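Let's take a walk through this model together. Have a look at it first, and then read on.

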Amino acid sequence: MHPARVRRAAQDAGFLVNSAGPAVVRLAPALTLEEEEAAALVSALPEILDASADDGT
């Protein structure tokens, strides 16, 4: 896993995350996170991780 690639793929999918270390991606949802928003991220996460693995940069 390359955190910068995961962060970029998540941002491309409309989610804000940050890389907190060489092998760490931090999810820091707003305090007003709705259940539907959390579900959307959980549903999108496999695609985000796949996209970051395929990134050739």
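Here is a short tour of a helix pair and a pocket.

The model is predicted, so local features need pLDDT of at least 70 and side-chain atom pairs count only at pLDDT 80 or more, while totals for chains, interfaces and linings use all residues. Residues are numbered from 1 along each chain as its sequence is written, and side-chain values use heavy atoms, leaving out hydrogens and water.

Start with helix α1 (residues 3-12) and helix α2 (residues 35-54), which pack at about 125° with axes 8 Å apart. Helices here are DSSP runs of H or I, at least four residues long, numbered from the N terminus. On the α1 side, R5, V6, A9 and A10 make the contact, meeting I48, L49, A51 and S52 of α2 (heavy atoms within 4.5 Å). These contact residues split into 6 nonpolar, 1 polar and 1 charged.

Now for the largest pocket, with a volume of about 310 Å³. Its lining has 14 residues, and F15, L16, P29, L33 and L41 lie nearest the centre.

Technical notes
Axes are lines fitted to C-alpha atoms, for helices over the stretch in contact, and angles run from 0 to 180 degrees between N-to-C directions. Helices (H or I, at least four residues) and strands (E, at least two) are DSSP runs, numbered from the N terminus. Ala, Val, Leu, Ile, Met, Phe, Trp, Tyr, Cys and Pro count as nonpolar, Asp, Glu, Lys and Arg as charged, and the others, Gly among them, as polar. On a 1 Å grid over the protein atoms alone, a cavity is a set of points where a 1.4 Å probe fits but cannot get out, and a pocket is an open set with protein on both sides within 12 Å along at least five of seven lines; lining residues have an atom within 4 Å of a point. Grid points are joined across faces, edges and corners, and a volume is the space filled by probe spheres set on the points.
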